[in-house]
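Open the structure in your viewer and keep the selection tool ready. Each stop below says what to select and what is there.

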Amino acid sequence: ISLSANSLDFGLVDVDQATATETVIVTNTGDATLSITDIQVQGVGASVYEVIEPTEPYPSIAPAGIQNITVRYDPEVASTGEPPATVVVTTNVSAINIALTGEGIDRRISLAPLSIVFADTYRSPAQPTIAQLDIQNTGRAPLNISMAIIQEDAAGVFSVRQPQFSSVGPLSTESVEVEFIPTQLQAAPYT
């Protein structure tokens, strides 16, 4: 029995995106037929891995023949590495162990400052007061930004200059500008 790899490393996989698959090729290097009798994923981290090829009934591999063992990795949460898992392929000759590793990644947003207090701004001339709001991605997957808006601004005195970026990279920060243009003498708390 020969394997194209003794382990499968799925690398970094975004928990909100597609799953990842990897394949090991098993070659029958013997003179007799190799029968696969069982395939299982075992170990503490087994729940995020699934053998998708072959399916039952398991195939036999003729001398010099090959068979793909394809495994899917579908992380459920961000991690710094999944707990150990192994694909165990039982044959009529011996058991084959294929170690599995992978890491789920996600995005996390953090805003700074959490509150913006504009200095006194006078109505005439109507010059905006501008403050910077940092959008930080503390996760390890890209954070997509579709728009930034001000909520509950009935007076229409706040606006966000739309960002010139569409995503914040992993462990990165981008900034947007928030404008305050008062239309009358007032205190204006909004979110």
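A residue is called buried under 20% relative accessible area, exposed over 50%, and partly exposed in between (1.4 Å probe, protein chains only). The model is predicted, so local features need pLDDT of at least 70 and side-chain atom pairs count only at pLDDT 80 or more, while totals for chains, interfaces and linings use all residues. Residues are numbered from 1 along each chain as its sequence is written, and side-chain values use heavy atoms, with hydrogens and water left out.

Start with the whole chain. The C-alpha trace spans about 95 × 25 × 25 Å along its principal axes. Of the 191 residues, 35% are buried.

Next, select Ile-109. With 54% relative accessibility, Ile-109 counts as exposed. Ile-109 lies in strand E10, residues 109-112 (strands are DSSP runs of E, at least two residues, numbered from the N terminus).

Now select Phe-10 and Val-87. These two have the most contacts inside the largest nonpolar core, which has 23 residues. Such a core is a set of buried Ala, Val, Leu, Ile, Met, Phe, Trp, Tyr and Cys residues joined through side-chain atoms within 4.5 Å. Strands supplying at least two residues each include E2 (7-14) and E8 (85-91).

Stay on Phe-10 and show its surroundings. Apart from neighbours within four places in sequence, the residues in contact with Phe-10 (heavy atoms within 4.5 Å) include Tyr-49, Val-71 and Leu-100.

Last, select Val-160, Phe-165, Val-168 and Phe-180. They belong to a second, separate core of 15 residues.

Notes:
Helices (H or I, at least four residues) and strands (E, at least two) are DSSP runs, numbered from the N terminus.
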